[in-house]
Structure formats: structure tokens, C-alpha cells
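Colleague: Before we discuss the packing, I would like each term to be set against its definition.

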Amino acid sequence: MMKINFGGSDEEVPFADKGKSKVWVFGVLFDGTSSYRKGSRYGPEAIRKASSETEIYDMVTGKEIFSKPGIFDDGDIEIKDSKDVREEVKKKVQEILSKGKVPLMLGGEHTITAGAVEAVKEEYDDVVVVNFDAHGDLRDKWFDEKLEMSKDSHSCVMRRVVELIGKENLIELGIREVSKEEVLKFKSVMIESLEIRKDLEEVKKRLEKFVEGKNVYLTIDIDAFDVPGTGTPQPGGIDYYDALELISGLKKAKKVVGLDLVEVAPVPETNYTEAFAAKLLFQTVAILEGKI
Ligand SMILES: [Mn+2]
């Protein structure tokens, strides 16, 4: 069967020119440390399929993102062992950055973000990370695939990011599930889902101030939203249009130098989650076109 590219073209005849496309998509097939329900290694395939059912013209911005900035699909990397995740992802992101392109990584579990941030941080100064997530993911150690306490668990990914960039350079949006220890140490980086619901404009202003003039890496954990197809769902997710409004706040950044969408773990009964993810990515790129 012909493999579908992100956006819906086939491998032989891509929509977008490899050289001209500013955004390069790739998938990471890894869900080894997911603790509740696995399946995010099937995320990239499901998102690609859903993207082929999504209009490439964006009604809100009037943009057609496969022409500008252009999106090229660079395939998948498959990772078996959690110990290799950071290096493998870093290598792939470095390869894309070295060509002057912007990586758009499809997960896979959230663990993969640390390697991408490490690569971006080595390439650019003043990198800040914006994380849409239900969970803080700020534990120092949690269970890995062998049920041993590990720094490589997906529940620790933002702690690894903090080690790379410092906590003053991280902001988390949509938080509603954390441990007491995470709150005691990291309350200053967390914006709760309820805060966004209560005062979107205030949160947007805070986000704009945070990213102003900086290089941004944007990571979106799909469990920030109320969707069924994710490994660790939580009620009380961010409203879709509120998220788009916050993403438009990233236009204050110097550049958006990398992005990912993680933790889509498809369920057979409904394709809502992957359709949501594909649409959100299309609209995110459309909104940020010019900053990407
Ligand atoms: Mn997460």
C-alpha cells in the first residue's frame, strides 16, 4: 500500500517541494515508557491519514500552508529502547536544522521532546519552550518500560527540558494533573486549564511577554485537550479556539524554531483525536506562517 505523506499526498508525488519547504515533518514511533495506555507509536500514521482528510486551505487565516511555508514529509524514525530516544531524536532534529529547516515532530510519547529541545538549544540562543499539556511532566524520576524508576519516563520530560534551558525558560499551558512536589518546585511555570478558561486575555498577555523576541520551541501534548485517543487523558481540557488564540500569541516571538505534537494514541472506535491533531497542526502552521 502506498504510504500517505503528511497533508495527504503520496510518497511518489509530494505536494510540497523538499528544498523549498521550510517545515519538515517526521514521525517518532516510540511509546515504551507510557504508563497507563500505550499506542502513541501509531500516532504518526493516524495523524497522516487524518491530515489527508483535512482541507489544506485554512479558512481562518486564508492560507495554504503547503505552498507557504511549505511542508515536506521526511518519514519516520523507529526507536525500541527508551535509553536511545534522546540521542536518536536529537540526531534527526540536528539533521533537519542543519538544512535550515524547521522540524515538526509527530509523536510518539512526550519523552521525545527532550532530544529535540537539546538539538534546538545547541543551534539557537535564547530558546524558550511552550508546552501545552494536562500534566506537569516535571518529576525527576518515574517508571520506565521495565517498571524501574528512570529519568527517561514520559512523566519526566519537562524536568529534562528544565535541565537544558532553565525553569525560567519554560511555560506550561493547560495543566491540571501534577504531584505536590512538582507544584512546590515548579508552580511558577504552570498555567492551569482553569486559568485559561477564566481569563484567556490575561494568559495570552503573559505568554506574549514570555516569548517576546525569543526563539520558541512549541510542544503540544494532545492530552491538553479533551480527546479520547491519548494514553493519559484528563477532564477539563483547553478549548480549541482558546488554544488557537494562545498560539497566535507566539507571533511575538523572534522565530518558532521547532515544534511537535505528541501522545496521540489512536482508539478504534473514533478517529476524532487524530482529526483534531491534524487540524490543529494545519492551523498552527497557518497562524505562525512568517514566524516559521
Ligand atoms: Mn505530556
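Modeller: Two residues are in contact if their C-beta atoms, placed from the backbone, lie within 7 Å, and helices (H or I, at least four residues) and strands (E, at least two) are DSSP runs, numbered from the N terminus. This is a predicted model, in which local features need pLDDT of at least 70 and side-chain atom pairs count only at pLDDT 80 or more, while totals for chains, interfaces and linings use all residues. Residues are numbered from 1 along each chain as its sequence is written.

Colleague: Which residues of helix H8 are called buried, and what do they pack against?

Modeller: In H8 (residues 240-248) the buried residues are Ala243, Leu246 and Ile247, where buried requires 20 or more other C-beta atoms within 10 Å of the residue's own (12 or fewer is exposed, in between partly exposed). Seen down the axis of H8, these buried residues fall within an arc of 100°, taken from the directions from the helix axis to the C-beta atoms, so they line one face of the helix. They pack against strand S6 (127-132), strand S9 (170-175), helix H7 (200-211) and H9.

Colleague: Why are H7 and H8 called roughly parallel?

Modeller: Their packing angle is about 30°, with the axes 9 Å apart, the axes being lines fitted to C-alpha atoms over the stretch in contact and angles running from 0 to 180 degrees between N-to-C directions. Angles under 35 degrees count as roughly parallel (over 145 roughly antiparallel, 65 to 115 roughly perpendicular, the rest oblique), and H7 and H8 are therefore roughly parallel to each other. Leu200, Val203, Lys204 and Leu207 of H7 make the contact with Asp242, Glu245 and Leu246 of H8.
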